[in-house]
Each structure stands twice: as C-alpha cells, then as structure tokens.
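Trainee: I am new to this structure and would like to learn how to read its features step by step. Could you take me through them?

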Amino acid sequence: MRVHHPVDLQLDAPLEVARWRPFVAIILAIPHLIIANILDQVAGAMAFVSWFIIVFTGTMPEGIANFQCMVLRYEARALAYMSFMHEDFPPFDFTMSGDEPGGHPLRVQITPAIEDRNRTTVALRLLTVIPILLFAAFVAIGAAFAMIAAALSVLFTGRWPEGVRRFAVDAARLMLRVNAYARLVVDEYPPFAVSER
C-alpha cells in the first residue's frame, strides 16, 4: 500500500545499464552536481527566510515554494544519474513548479504547502527534523552499500538487481521527503519507512 505524501519520486527506467556506467557516472554527473550544489546553497538561505515568513504570516510565498520544488527535483535527478539508476542525461531544467514537467525517467511530484501553515511545527522544525534525519542517515549508509553491490552487479551482468534498485529508489524518495520537510516546503512529517509497498 502506497503512503500518501505530498512529495513523491518514481523511476521509470529499465534495469539494464551499460556495464561501464557505474565507474564513470560521477564524472558524467559533474556539471549537474556543481549546479545542484549552488542551488542547494541558495535553497538553504531561502529556507531560512521562509522560516521567518511562515512563523509570522502562516504562509509561504509561492515563488519561494516553487524555487524549492525546482531545487529538490534538480538534486534528485542529478543524484539518480550519478548513482547510475538510469542512462538518460538529465536536462538542465529549471522549471519552478511542484508539478512534474515530464520528459525524464525520474519523476518528482511535489505539492508545496503555501497557505494555512502550521506555525508551531515550522517554528520547531529544527528540533522535529532531528529524528527523521538520523533515520535517513542510516538509510543513506545502507543505500551506499547497495550502490556498491549494484555497481558490481552491473559490471558483471549489465543489470541492476531488482530488489537493490527498488531499495535505492525508496531511499531516494525518503531523502527527498526529508529535504522537503527540512526546507519547509511541506508540513507532513516523512514516514519512518523506506518501502511503501
């Protein structure tokens, strides 16, 4: 059963990947990683500004919310490509919207909370995010080991093990939800679960 959450990530790509890709994926992803890092710095500053705006007004400016959605989508696509989850080079897409623009195997749909924000949970966000951050850190460690196993599998078979890729996608979805919560894009707490099935 799928968990209903305003942030979702789905991958529609074959399990087959060129055998050489895991060993050059990070090099191929460098342009996107540089841009994602710059966007991440700006997004952090915008989250700081958003905190004050939401705490005092109960709303998040739509422009800031759309910018955060674009950054979250861009980062997710850059990391999925670096992690050789698919072979399609991500577009340099800066569409500022929560709606998935399409045209890419990694689909990121975000429904940002704009109005009627819970000021209390936003005010306490730095504290409430800690438990899920710790959980996400353990999942990230597991995902790193899964990527090593996947790289070896792709090297010898040219194919991701289905269960390993499912775990990697589920871990990426969790990280995306944690980032959206931490950046004040949504008020829904990310579930303490990796798999939605």
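This is a predicted model: local features need pLDDT of at least 70, side-chain atom pairs count only at pLDDT 80 or more; totals for chains, interfaces and linings use all residues.

Trainee: Let us begin with helix 5: how many residues has it, and what span does it reach from its first C-alpha to its last?

Mentor: Helix 5 covers residues 125-157, which makes 33 residues, and it reaches 44 Å between its first and last C-alpha, close to the 48 Å expected at 1.5 Å a residue. Along the way helix 5 has a kink of about 35°, centred on P131, and after its end comes G158, whose phi is positive, near 75°.

Trainee: How should I read a pair of aromatic rings?

Mentor: Such a pair is described by the distance of the centres and the angle of the planes. The count here comes to 9 aromatic pairs. In one of them, F48 and F52, the ring centres are 5.2 Å apart and the planes stand at 80°, so the pair is edge-to-face. Both residues lie in helix 2 (residues 30-57), 4 residues apart, about one turn of the helix. Y81 and F89 also form an edge-to-face pair, with 5.3 Å from centre to centre and 85° between the planes.

Trainee: Is Y81 buried or exposed?

Mentor: Y81 counts as buried because its relative accessibility is 4%, while F89 is partly exposed, with a relative accessible area of 40%.

Trainee: And which residues stand out in the largest nonpolar core?

Mentor: In soluble globular proteins, nonpolar side chains tend to be buried together. The largest nonpolar core here has 27 residues, of which F84 and W160 touch the most other members. Strand 1 (7-11), helix 3 (62-82), strand 2 (106-110), helix 5 and helix 6 each supply at least two residues of this core. A second, separate core of 10 residues includes I132, A136, V178 and Y181. Y181 also belongs to one aromatic cluster with F135, Y189 and F192, and R125 lies over the face of Y181, at 3.9 Å from the ring centre.

Note on methods: Residues are numbered from 1 along each chain as its sequence is written. Side-chain values use heavy atoms; hydrogens and water are left out. The expected span of a helix is 1.5 Å times one less than its number of residues. The bend at a residue is the angle between axes fitted to the seven residues ending there and the seven starting there. Rings of Phe, Tyr and Trp (its six-membered ring) pair if their centres lie within 6.5 Å; planes under 30 degrees apart count as stacked, over 60 as edge-to-face and the rest as tilted. Buried means under 20% relative accessible area, exposed over 50%, partly exposed in between (1.4 Å probe, protein chains only). A charge sits over a ring if NZ of Lys or CZ of Arg is within 6 Å of the ring centre and within 35 degrees of the ring normal. A nonpolar core is a set of buried Ala, Val, Leu, Ile, Met, Phe, Trp, Tyr and Cys residues joined through side-chain atoms within 4.5 Å.
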